[in-house]
Amino acid sequence: MFERKIEVDQEQDFEGLEAARQYAAGAQKSTMRYRAFFERLETLDKVGRYLDVGAGPGTVAGMIAQKYPRVELIALELSPDMAAVGQELLKNKGLENRVKFVVGDATDTGLLPSLGKFDLIYSTYSLHHWENPRQVIDNLMTALADDGVLFIHDLRRVWWLYWAPSRSGFFRSIRGAYVKEEIETMLADFSPGCYEVKNEIPFLLSVIIKKSTL
Ligand SMILES: C[S@@+](CC[C@H](N)C(=O)[O-])C[C@H]1O[C@@H](n2cnc3c(N)ncnc32)[C@H](O)[C@@H]1O
């Protein structure tokens with residue numbers, strides 16, 4: 001009775017410029033939500049070309065652009081409204097030449113090869129929105145350079161938030177998020193030992209796949 005629950009209006013949170021602006025304002029205000037991601041990112045020690053998958057309004061891409069001046073970034077985002085708001089925000093910060101937004105679906109097998117190879121592909125809080133995560137991961141693995149790393153950071157379904165009688169976006173996302181075992185099943189086709197799925201405190205999950213060990 002703790003099954004993954006995808007609520008129909010989850011995607012509507014990102015539709016329209018107003019919703020995208022609201023999401024962006026929340027993300028800019030609570031950068032704490034990216035702390036665990038950045039801690040882990042530092043340990044990966046990657047330079048070169050980065051791809052942000054499901055970049056939303058580019059909050060993380062902007063932070064990376066500021067922190068790592070030599071990294072080249074592409075932000076892939078499904079919603080044109082999110083991408084438009086992201087471009088606006090990055091321009092306000094003078095980072096418009098550092099992050100290139102691409103509007104598209106990470107499930108699209110034709111799209112990723114057109115973007116070239118990446119040293120690091122990362123994604124924050126987007127995995128539980130992907131309709132076909134296995135296909136997305138396949139596409140992303142193909143887009144990695146030979147020694148590239150795929151790092152997926154997301155919410156985790158935890159029972160103590162799952163049962164909260166709230167319909168706010170956060171709780172709906174928690175109910176739609178994965179648990180570690182589901183991700184491991186999803187990655188079963190990969191050879192053992194080449195990926196790490198880790199529960200992060202308090203309700204987060206990280207997946208790291210290193211291409212060179214495949
Ligand atoms: C909760 S937002 C996270 C945004 C941003 N990564 C962050 O951490 O603030 C999830 C984003 O993933 C995008 N998304 C969902 N499925 C996608 C797909 N198949 N391809 C590209 N983007 C996708 C949504 O449009 C949405 O902007």
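Is Thr 43 buried or exposed? A few friendly notes follow, starting with that residue.

1. Thr 43 is exposed, because 8 other C-beta atoms lie within 10 Å; exposed stands for 12 or fewer such atoms, buried for 20 or more and partly exposed for in between, with C-beta atoms placed from the backbone. Thr 43 belongs to helix α2 (residues 35-44). From Glu 3, Thr 43 is 40 residues away in sequence and 33 Å away in space, C-alpha to C-alpha.

2. Please keep in mind that this is a predicted model, where local features need pLDDT of at least 70 and side-chain atom pairs count only at pLDDT 80 or more, while totals for chains, interfaces and linings use all residues. Residue numbers start from 1 along each chain as its sequence is written.

3. Strands β2 (residues 72-77) and β3 (residues 99-103) pair in the parallel sense through 5 bridges; pairing takes at least two DSSP bridges. Leu 76 sits opposite Val 102 in β3. Together with helix α4 (residues 80-92), β2 and β3 form a right-handed β-α-β unit: with the strands pointing away from the viewer, the path from the first strand over the helix to the second runs clockwise.

4. Around the ligand there are 20 residues, and the closest are Gly 54, Gly 56, Leu 78, Thr 124 and Ser 126; the criterion is a C-beta atom, placed from the backbone, within 6 Å. Two or more shell residues come from each of α3 (59-67) and β2.

5. Helix α7 (residues 169-176) has Ser 173, Ile 174 and Arg 175 buried. Their cover includes β5 (144-155) and α6 (159-162), with contact taken as C-beta atoms, placed from the backbone, within 7 Å.

Note on methods: Helix = DSSP H or I, 4+ residues; strand = E, 2+ residues; numbered from the N terminus. Contact = placed C-beta atoms within 7 Å.
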